[in-house]
Amino acid sequence: MHFLRIYLVLQILGILLFFVLYLSETTAPSCKLWRKFELNSLHKAGDVILGGLFEVHYSSLFPEWIFTSEPQELSCSGFDPLGFRHAMTMAFAVEEINNSTQLLPNLTLGYSLYDNCATLDISFSAALSMASVHTESFVLQENCVGIPPVIGIVGDPFSTFSIAISNVLGLFRLPIVSYFATCSCLSDRQQFPSFFRTIPSDDFQVHAVIQILKHFAWSWVGLLVSDDDYGLHVARSFRTDFAQTGKGCLAYTEVLPWGNDQNIYSRIVNVIKDSSAKVVIVFAHQLHMIQLMTEIHQFWEHTFECKFAPAPAEWRDAGGALCTGHEDLQNIDTEFLDVSNLRPEYNIYKAVYALAHALDDLLRCEPGRGPFSGNSCATLHTLEPWQLLYYLEKVYFTTQFGDEVSFDKTGDALPIYDVLNWQWLPNGQTKVINVGEFKKSAFQEENILLYEHKILWNLQFKEPPQSVCSESCPAGTRMARQKGQPVCCFDCILCSEGTISNTTDSMECHVCPEDFWSSPTRDQCIPKKTEFLSYHEPLGICLTTASLLGAFICAVVFGIFTYHRSTPVVRANNSEMSFLLLVSLKLCFLCSLLFIGRPRLWTCQLRHAAFGISFVLCVSCILVKTMVVLAVFKASKPGGGATLKWFGALQQRGTVVALTSVQAVICIAWLVSASPTPHKNIKYHNDKIVYECVVGSTMGFAVLLGYIGLLALLSFMLAFLARNLPDNFNEAKLITFSMLIFCAVWVAFVPAYVNSPGKYADAVEVFAILASSFGLLVALFGPKCYIILLKPERNTKKGIMNRFNIKHNN
């Protein structure tokens, strides 16, 4: 709607200019005003005139009219004291410059101040009036060039009005310096080449607000904007920049209408109340804020010290007044309406001084060293708008208050904002406190400074409110967006096992490295627990103790047999094989230690080889002893003496070595082809690393066990056949029993080993080694040690023969 109105005005202006140019070529070289606008204005004569546009009235009755030769009556009502004060500020600045001996010392400034009545048509008409002359007629110089009525305009305060005025006057490069128009669109130098302003643009205003939001971690806010170019442009800019922070969302966006439609304002207030957002951002004019505050229960009750019905009983009993809703804010002394601490007047002051400094620089130009064609300078009598515009673009000065004033390439001044805090005092009044500033200097980036200790929060705990759609997700969780909601609305999902997030508001959980696992809180990766059959755990300690105990017993038995090596019990049972069997049993006990502790390459390669060779050596000795027993018994019968020559000591040793060598070859082939290696297994437990030895070749392991089983089975069968032979000739019964234990243990070992994970597989194998070794040790050497130590009377040749005779006669 605004742009349509601007378009129509431009079309009318184009027709007007066409007729002016036509008359200038077809008539005498003099021009006459086509019509004269009757506008509210204030003038002061001077050598040079500055124009000004101010909102002295805020409403108007403007009839439908077109450009005609008849003057139109305009009616403005609703006096605005703030706008009048703004106009007087410009008058004061002009007078101050005229009294200065440093700035424009030989020139008197004048002014023409116009009331825009807060109406685009009137503001536009006033601007055109200032751009033309104030007399009925004037004589043109060559090419219709004359001194412009004003050299520059301070105003307009409204962005929409400034857009319309600058679109036209920019064609003539007439400088316009606004003190209140903040629309970022006015920074477009191609469209508005002569527009300047001493107030920061919406972009900087938006940056300031976003910095405050980020400072207090407010990510869920409402947005209210005025229904004009200022509000619509700043809304678009704020939404874009706030979203780009990645941590900001709008709970709602509402447009504040012009006028006093209470239904619309009531609806907007209800939206604010129903929203979970505790922070509301408003980009609007004072009129909108007054209307909005009128609709709030809390501001109204505090300001007028009344309560809306239904009021609390204690309030009524104490004589408290009831609010009617018709109380007049204009009659209240509140700093909400007192903007004396804000910057409009100061911005006007700087705008006037900027034009004055530009004019002063222009007049100080030295002939022959000027910036224009042929190094010429501009003169007061031949001054054209674009010449002053040249100096205004380069103006730089410092006010008496210490603030730098200059314009960047877009016509914007160095921006600065005060951060103000409205505080309710115990006496019912309000006070505005400066609690910080947001500014940008010529050599620094944007910087915000807040004095939080000065801020008074209207909350029970006197602390900044929390305004978020969803609470921040702590470390260990990730954000999951709620369906159909803005990005600021989310649920916090605990990271799954093995993944972590170590920052707040993480969008995803990261997988821990292979050797690490997530902590219980999912906020850090910790080394995985390691699992293996350790010397430090109870199971490892028990197995280690049993292994060393078995080796110690073997050593003791070896010592007993050595000490009693000449006795019949030791000599009658193939003492050489008995000693070799004790050594092999001790090796069996000790090889179990290789299965305990963290697997290393050498232990993995050695454990099964040592185990396989030790047990083959042991079973080979038992097999040879059994074969000798059978040979001796056969030799005791008539005609059997020749049998013993095949079972002499040399043959016995050769048989043991040959049988053991076969196992050694199996082990070497296994180690060379597919050697066992240590392995970190993470399949059993996600949060544990199970260290184990991979056998490398299952076939090699099976052949090793199969060979041991074959020898054990052969020994068992031979011993079983010789179980009824006389005791003094053999120990076949003991061998039979020991082999029965041995085979039972290892038959049970295979399924238990296959179904035991990790360290328990090693424990099962160690248990099998120890159980079979203890079975052989006790079964073969227990009865003999019993006789040697406890029944020495039976450890004689006669005792052994008598025992045989008794059994034989029976």
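Two strands pair if DSSP finds at least two bridges between them. The views below show a predicted model.

**View 1. The protein chain as a whole.** The protein chain has 810 residues, of which 47% count as buried. Its secondary structure consists of 21 helices and 29 strands. Of the contacts between residues at least 6 apart in sequence, 67% join residues at least 24 apart.

**View 2. An open sheet of six strands.** The strands follow the order S2-S6-S3-S8-S9-S10, and their pairing is mixed. Strand S2 (41–44) and strand S10 (195–197) are the edge strands, each pairing on one side only. From one strand to the next, the twist averages 20°. Within the sheet, strand S3 (residues 48–54) and strand S8 (residues 152–154) are paired in the parallel sense over three bridges. Gly51 stands opposite Ile153 of S8.

**View 3. Helices H4 and H11 on the sheet.** Helix H4 (residues 159–169) lies across S3, S8, strand S9 (176–178) and S10. The direction of H4 is at about 165° to S9. Helix H11 (residues 344–363) also packs on the sheet, where it touches S3, strand S6 (109–115), S8 and S9. The direction of H11 makes about 165° with that of S8.

**View 4. Pro157 in the loop between S8 and H4.** Pro157 lies in the loop that runs between S8 and H4. Is this residue buried or exposed? Pro157 is buried because its relative accessible area is 7%, and buried means under 20%. Leaving aside neighbours within four places in sequence, Pro157 is in contact with Leu53, Glu55, Asn116, Ser178, Tyr179, Phe180 and Ala181. Leu53 is 104 residues from Pro157 along the chain, yet the C-alpha atoms of these two residues are separated by 7.4 Å.

**View 5. The packing of helices H3 and H4.** Two packed helices are described by the angle between their axes and the distance between the axes. For helix H3 (residues 120–131) and H4, the angle is about 35° and the axes are 10 Å apart. Their crossing is right-handed. On the H3 side, the contact is made by Leu120, Ser123, Phe124, Ala127, Leu128 and Ala131. H4 contributes Thr160, Phe161, Ala164, Ile165, Val168 and Leu169. By class, the contact of H3 with H4 has 10 nonpolar residues, two polar ones and no charged ones.

**View 6. The largest nonpolar core.** This core has 66 residues, among which Phe611, Phe742, Trp746 and Phe781 touch the most other members. Which elements give two or more residues to the core? They are helix H13 (538–563), helix H14 (568–571), helix H15 (575–591), helix H16 (601–635), helix H17 (649–673), helix H18 (698–721), helix H19 (732–754) and helix H20 (759–790). H20 gives the most, with 14 residues. Not counting residues up to four places away in sequence, Trp746 touches Phe611, Phe615, Leu705, Ala768, Ile769 and Ser772. A second core of 47 residues is separate, and includes Ala87, Leu103, Ala354 and Leu355.

**View 7. The hairpin of S28 and S29.** Strand S28 (residues 677–681) and strand S29 (residues 688–694) pair in the antiparallel sense over five bridges. The two strands, S28 and S29, form a hairpin with six residues between them. Glu692 in S29 is the bridge partner of His679.

Key: Residues numbered from 1 in each chain as written. Predicted model: local features only at pLDDT ≥ 70, side-chain atom pairs only at ≥ 80, totals over all residues. Heavy atoms only, no water. Helix = DSSP H or I, 4+ residues; strand = E, 2+ residues; numbered from the N terminus. Axes fitted to C-alpha atoms, helices over the stretch in contact; angles between N-to-C directions. Contact = heavy atoms within 4.5 Å. Core = buried A, V, L, I, M, F, W, Y, C linked by side-chain atoms within 4.5 Å. Buried < 20%, exposed > 50% of the residue type's maximum accessible area, 1.4 Å probe, protein only. Left-handed = near helix turned anticlockwise from the far one by under 90°. Nonpolar A, V, L, I, M, F, W, Y, C, P; charged D, E, K, R; others polar.
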